[in-house]
Every structure is written in C-alpha cells, then in structure tokens.
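Hi,

Here is the structure I promised to pass on. Have a look at it first, and then read my notes below.

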Amino acid sequence: MRKNMERKYQNLCKPITIGNVTFRNRMFSAPMGGTDITADGCIGPKSAAFYELRGRGGAAAVTVSECMVHPSTDGSHAYHLDTRILNSLAAAAYAADAIRRHGAIPSLELSHSGMFAGTYMT
Ligand SMILES: Cc1cc2nc3c(=O)[nH]c(=O)nc-3n(C[C@H](O)[C@H](O)[C@H](O)COP(=O)(O)O)c2cc1C
C-alpha cells in the first residue's frame, strides 16, 4: 500500500522551490477560518495555536484564512481579519512565527466576499 502511494505520488514529500521560497514538501494546508478571531478582527491565541499545529504536523505551508482586501466594502461573517486594526499586524506576526518555528511557510488568504459583502450572514 505504502509502496503504491510512493509510486503514485513520487513528488509529494520532496521539497519544491517556488520563486525564492523553498517548501519542505508539496502538502499545503488549505485556509480554515479561526473561530476565535477577536471582536476587532485579529487572529486570537486559539486560532494561532490551531495554525501552529498544522505546521507542527508537517504541512509545507499553512494558510491563515480570510484577510479582507477591502474591509470597508467587505464583511459577510464575523471571522474576517481586518488589517485596519492596529493590533492586526502583531497578531499576524505572532501566528506566522508560530507556524514558522516548525519549518512550515506561513501564507495568508486574501479575500473579498463579492456579492455577499456587507451581508454578515452568520
Ligand atoms: C473547518 C473549515 C474551515 C474552512 N474555512 C475556509 C476559509 O476560511 N476560507 C476558505 O477559502 N476555505 C475554507 N475552507 C475550505 C478549505 O480551505 C478547503 O477548500 C476545503 O476543505 C476542501 O479541501 P479538501 O478537499 O482538501 O478538504 C474551510 C474548510 C473547513 C473544513
């Protein structure tokens, strides 16, 4: 079974360099929204710990989710990250450090809610 997997996905565990960034393998952790985004739109400590665990688990890159590219016209739920907040850079740096200390590359999903912007569905 393992041998079949290795044959089928021969490159999965090999490092890859894209631009000037080297990833330790080809497994990237997809963006998953944190549920303790603070009321003012920053990454809370539990979310940072959640992302850190993905890095510790061996992912090559860990994607922190849903940072609004245009906060004044976005907002479709309560878990967006808001770069207008003074503390957001410090919170993002804390999360990035937590991911990086395990050898994973931190990445950030930039998003806009499009037709759902401003609806605050949840
Ligand atoms: C708990 C959870 C939270 C998610 N949050 C986001 C999110 O914030 N932004 C996003 O683009 N996708 C989000 N997704 C979707 C995932 O990024 C991914 O596209 C989806 O799980 C399908 O990938 P998979 O087939 O590898 O599971 C989330 C998925 C899960 C399970």
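Accessible areas here come from the Shrake-Rupley method with a 1.4 Å probe. On that basis the protein exposes about 7,800 Å², and carbon and sulfur atoms supply 60% of that area. Please keep in mind that this is a predicted model.

First, the overall picture. The protein has three helices and five strands, and along the sequence they follow the pattern α-β-β-β-α-β-α-β. The C-alpha trace spans about 50 × 30 × 30 Å along its principal axes. There are 122 residues in the protein, and 33% of them count as buried. As for contacts between residues at least 6 apart in sequence, 65% of them join residues that are at least 24 apart.

Next, the surface. Met 1, Met 5, Tyr 9, Leu 12 and Met 27 make a nonpolar patch of about 520 Å². Leu 12 has a relative accessibility of 31%, so it counts as partly exposed.

Then the aromatic rings. How many aromatic pairs does the count come to? The answer is two.

One of them joins Phe 23 and Phe 28, with ring centres 4.8 Å apart. As for cover, Phe 23 is buried because its relative accessibility is 10%, while Phe 28, at 43%, counts as partly exposed.

Phe 50 and Tyr 51 also form a pair, and this one is edge-to-face. Here the distance is 5.6 Å centre to centre, with 75° between the planes. Is Tyr 51 buried or exposed? Its relative accessibility is 2%, so Tyr 51 counts as buried. Phe 50 has a relative accessible area of 28%, so that residue is partly exposed.

There is one more thing to look at around Phe 50. Arg 54 lies over the face of the Phe 50 ring, at 4.0 Å from the ring centre. So if you centre your view on Phe 50, you can look for both Tyr 51, its edge-to-face partner, and Arg 54, over its face.

That's what I have for now.

Cheers

Notes. Residues are numbered from 1 along each chain as its sequence is written. This is a predicted model: local features need pLDDT of at least 70, side-chain atom pairs count only at pLDDT 80 or more; totals for chains, interfaces and linings use all residues. Side-chain values use heavy atoms; hydrogens and water are left out. Patches are made of residues with over 30% relative accessible area and no salt bridge: like charges are joined within 9 Å, nonpolar side chains (Val, Leu, Ile, Met, Phe, Trp, Tyr) within 5 Å. A salt bridge is a side-chain nitrogen of Lys or Arg within 4 Å of a carboxyl oxygen of Asp or Glu. Buried means under 20% relative accessible area, exposed over 50%, partly exposed in between (1.4 Å probe, protein chains only). Rings of Phe, Tyr and Trp (its six-membered ring) pair if their centres lie within 6.5 Å; planes under 30 degrees apart count as stacked, over 60 as edge-to-face and the rest as tilted. A charge sits over a ring if NZ of Lys or CZ of Arg is within 6 Å of the ring centre and within 35 degrees of the ring normal. Helices (H or I, at least four residues) and strands (E, at least two) are DSSP runs, numbered from the N terminus. Contact means heavy atoms within 4.5 Å.
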